[in-house]
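Have the sequence and the 3D view open as you read.

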Amino acid sequence: MPHSPPHHSPPPSPARRSLLRGTVAASAALALPALGPPSALAVPERAPALTLSGRPRASWGVQSGDVSTSSGVVWVRSDRPARMIVETSATESFRRARRWYGPLLGRGTDFTGTTALRGLPPGEQIHYRVTLADPDDPRRTGEPVYGTFRTAPERRRQGVRFLWSGDIAGQGWGINPDTGGYRVYEEMRRLDPDFFLCSGDTVYADGVIEPSVTLPDGRIWRNITTVEKSRVAESLDDFRGNFRYNLLDEHARRFNAQVPTVVQWDDHEVRNNWYPGQILDDPRYTEKNVDVLARRAMRAFGEYFPVSTLPGGGPGAGDRPGSAREGRLHRVVRHGPLLDVFVLDMRSHRDANSPGRQPENRQGILGVEQLNWLKSELARSRAVWKVIAADMPLGLVVPDGATDFEAVAQGDPGAPLGRELQIAELLRFIKHRRITGTLWLTADVHYTSAQHYAPERAAFRDFAPFWEFVSGPLAAGGFPANALDGTFGPERVFVRAPERANVSPMESPQYFGEVHIDGGSGELTVRLRAEGGTVLFAKVLQPGRVGQ
């Protein structure tokens, strides 16, 4: 294993340190009760009523997302109809605060809402607070809930640092009060990143959370449970309940109040290994049309995450995920001169899962429109580094049943076939247009690894060498490493994975990755981390190169 260079996180600024003690703590105090016995939260929160005494409350905390040099999106959920009001300030005192009037929160969006903030100063710590006002009497307001984020720097000397992972509450491993819940979020929060890239499987809508699970050694894993997590998600309310589940964790809420997110989805937001047009043969589901389930899931996803390209759900959403009326998940999040993040949607536009041996395949895993968009955006990017955020790996073989395949690779190490044809086209484009500083980040497979792809090892050779880094799960079961497909010449430089399937978080650490771009040299360092503070692997990449 390569030696990991020493790394010391910079200490928080006085204002930042003060915030960790002050405003975020105040937000947590207003949030849901601290973790207790499963019975304490075994019954889900009642649906917000239209007539409630008192003042509106934002018990589920706040989130921010898709933060750029001058903009960001803030999210909140109310317990009743309310007007969302956001105030931003350069200081925690909120002197000279700027006020933003957001939407009216109601049943149509499960009482959630987002407000887009524009015209923010670059490279600054932004303090914000969200207040909910009674729509019939604006003077009746609830207690404000506080959060913060840093806008992206306008100049490269400030550098950039972010984390990534995915796979949350999967395989029956939910919020365990005996182990302190999702403690990994607190570990990530203390690293104080500029943002967190969530690489999909943000929920497991197809996975039941039982009150307890017996481990192979006889220990008992206990879960906080809710009605919506006692069955597979089919109705819109089921999907909404899945997204609310993770917000029951106090560490996740505290993290959300401090660290902005860039979020994408994969399959488990709907159902394992789904694709458009699929008709289910699964007795757990009464709704067999996966497109119907996907529409409901996408609406709930848009309601519960601050995504700049989604309308936040609600009545009148589009006809299918990714439609023009509904918005789309693939987008570029520009984080100053050092970094552009190209967020892919490898789920909504793909062809059907199959043995993957087609000699021609225009649809592929991205669809024609998304591939053309990605090529165009990569070509016009002037960022030093171009991170391609994929919700599935490229050269790892991910089966779907006995004969079909779920990702890009299909186990044939020869010339590109099936979905590999589309990726070959993209890699050829990157080489011939001399696009510098590309690397791929993903999660999905429930272990952590680093793969280097090189044409001299590949069947397809018309591309520049590149790296792909995998990190996860964040709060789910661990799985053995997948086989490699030789079409694009991957070499597994590092891997850490369990030897058996669905190893619990009590038996194996959870994983996340860290990316740091130095403002002076432009060097990019990737660190693969294990819960508990261990850096498992590190790789330094040089800027300005077409291949690495």
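Start at Asn 289, which caps the N-terminal end of helix H6: one of its side-chain oxygens sits 2.9 Å from the backbone nitrogen of Asp 291. That is a polar contact, meaning a pair of N or O atoms within 3.5 Å; within protein, one must be able to donate a hydrogen and the other to accept it, and residues adjacent in sequence count only if both atoms are side-chain atoms. Labels such as H6 come from DSSP runs, numbered from the N terminus: helices (H or I) need at least four residues, strands (E) at least two.

A word on what you're looking at: this is a predicted model, where local features need pLDDT of at least 70 and side-chain atom pairs count only at pLDDT 80 or more, while totals for chains, interfaces and linings use all residues. Residues are numbered from 1 along each chain as its sequence is written, and side-chain values use heavy atoms, with hydrogens and water left out.

**The helix**

H6 covers residues 290-304, and its 15 residues reach 21 Å from first C-alpha to last, close to the 21 Å expected at 1.5 Å a residue. That expected span is 1.5 Å times one less than the number of residues. How many of the residues of H6 are buried? The count is 12 of 15, so the helix is mostly covered. Buried here means under 20% relative accessible area, while exposed means over 50% and partly exposed is in between (1.4 Å probe, protein chains only). Among the buried ones are Val 290, Leu 293, Met 298, Phe 301 and Tyr 304. The cover includes strands E1 (62-65), E2 (71-77), E5 (112-118) and E13 (261-263), plus helix H4 (236-246).

**The strand**

Now find strand E6, residues 125-134, where 10 of 10 residues are buried. Both of its faces are covered: Gln 125, His 127, Arg 129, Thr 131 and Ala 133 lie on one side, with Ile 126, Tyr 128, Val 130, Leu 132 and Asp 134 on the other. Strands pair if DSSP finds at least two bridges between them.

| Partner of E6 | Direction | Bridges |
|---|---|---|
| E3 (82-89) | antiparallel | 7 bridges |
| E8 (145-150) | antiparallel | 6 bridges |
| E7 (137-141) | antiparallel | 2 bridges |

A hairpin of 2 residues joins E6 to E7.

**The loops**

Which residues does Leu 338 touch, leaving aside neighbours within four places in sequence? They are Arg 156, Gly 159, Val 160, Ala 383, Val 384, Trp 385, Ile 517, Asp 518 and Gly 519, where contact means heavy atoms within 4.5 Å. Leu 338 lies in the loop between strands E14 (331-334) and E15 (339-343), and it counts as buried because its relative accessibility is 1%. Its C-alpha is 8.4 Å from that of Arg 155, 183 residues apart along the chain.

Asp 66 is in the loop between E1 and E2, and Asp 110 is in the loop between E4 (98-105) and E5. Asp 66 counts as buried at 6% relative accessibility, and Asp 110 is buried at 8%.

Last stop: the peptide bond from Gly 472 to Pro 473 is cis, with omega near 0 degrees. Pro 473 belongs to the loop between strands E21 (466-470) and E22 (490-496).
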